[in-house]
Amino acid sequence: MGERVLIALGGNAMTAPDGSASPDDQRGAVEGAMGHVTALIEAGHQVTLTHGNGPQVGNLILKNQLAADVVPPVPLDWCGAQTQATIGTLVLNALGGRAAVVVTRTLVDPADPAFRDPVKPIGRYFTEADARRFEGLGQTWRRFDRGWRRVVASPEPLEILDAPAVAALTAAGFTVVAAGGGGVPVARDAAGRLTGVEAVIDKDLAAAMLARAVRATVLVIATDVPRAVVGFGTAHARPIGSVTAAELRVLHAAGHFAGGSMGPKVEAALRFVEQGGDQAVITSLGDIGAAVAGQAGTVVRK
């Protein structure tokens, strides 16, 4: 009997090596990634997949911005849902067999402090004049070194609302793709109704939550580096192999992992193990098979 594995695929599994995201680039990248996933399935593991969607949402946002005077821009939650379906279709075609995609919503708190101070940059850089025009549409923009960029809230995920559907399909023998891009962000209004919100949920934190909800035993966070590194970019850089959750929590609290890159991956791995998962692994896409066996990557155990 194999492991119950949830794999969180990073952006490198969805785009060409140079980051380009044309339809052909995305199709080729997904087909390559699914070769590694298929090997796990054929080895007897039960696999659930989630994925990033940054470049894809960025492209949709750019289309919104360029056509804003002609076609009303669609909200960010719609962009998330569209990319879940598009990427999911590519994954289904590449996997074949018994596979399914669940367009997945993630519940957030409308009072989350992140909504008061949006800091998550999305989309491309624009001039100040363009940024001011988009601000007139109710968006928040900030200046960076390379220009102006839209920023949105990145609230904490509270619940993967469609996890029961994912679990049912998984139990029926399907390889399920779910919670892409962290899930479509929704919140409850005063009457208890669900509505989409302008936010981006960290896909790794959502992956840890989904993994627990579907009773996965192993969480694999596939990225573009073989391991997490202490002192990254310094002369004292040290890759982390096998580590306990307590040891890694100390390193994380000391600020060793950047907030915009490795930090959320480390936090997701920690949450999964601390909340009952057997092990979490941060590794490169090509090593996910060895990662499930605990033989590659940064392996986090209790």
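**Entry 1: a pair of helices**

I found that helix 1 and helix 3 are oblique to each other, a word for angles that are not under 35 degrees (roughly parallel), over 145 (roughly antiparallel) or 65 to 115 (roughly perpendicular). Before going on, I noted that this is a predicted model, where local features need pLDDT of at least 70 and side-chain atom pairs count only at pLDDT 80 or more, while totals for chains, interfaces and linings use all residues. Residues are numbered from 1 along each chain as its sequence is written, and side-chain values use heavy atoms, leaving out hydrogens and water.

I looked up the numbers: the axes of helix 1 (residues 23–42) and helix 3 (residues 76–95) come within 9 Å and cross at roughly 55 degrees. Axes here are lines fitted to C-alpha atoms, for helices over the stretch in contact, with angles from 0 to 180 degrees between N-to-C directions. Helices are DSSP runs of H or I with at least four residues, strands are runs of E with at least two, and both are numbered from the N terminus.

On the helix 1 side, the contact (heavy atoms within 4.5 Å) includes V30, M34 and I41, and on the helix 3 side it includes L90 and L95.

Which order do the strands of the open sheet take? I read 5-7-6 for these three strands, with antiparallel pairing; two strands pair if DSSP finds at least two bridges between them. Strand 5 (120–126) and strand 6 (140–144) are the edges, each pairing on one side only. Neighbouring strands are turned by 35 degrees against each other on average, direction ignored.

I then followed strand 5 to strand 7 (residues 147–152), and four bridges join them. K120 stands opposite V152 in strand 7. Helix 2 (residues 54–66) lies across strand 5 and strand 6, at about 50 degrees to strand 5.

**Entry 2: another pair of helices**

Helix 7 (residues 245–253) and helix 8 (residues 262–274) pack at about 150 degrees, with axes 10 Å apart. They are therefore roughly antiparallel to each other. Their crossing is left-handed. Among the residues that meet are L248 and H252 in helix 7, and V266 and L270 in helix 8.

Notes: A crossing is left-handed if the near helix is turned anticlockwise from the far one by less than a right angle, and right-handed if clockwise.
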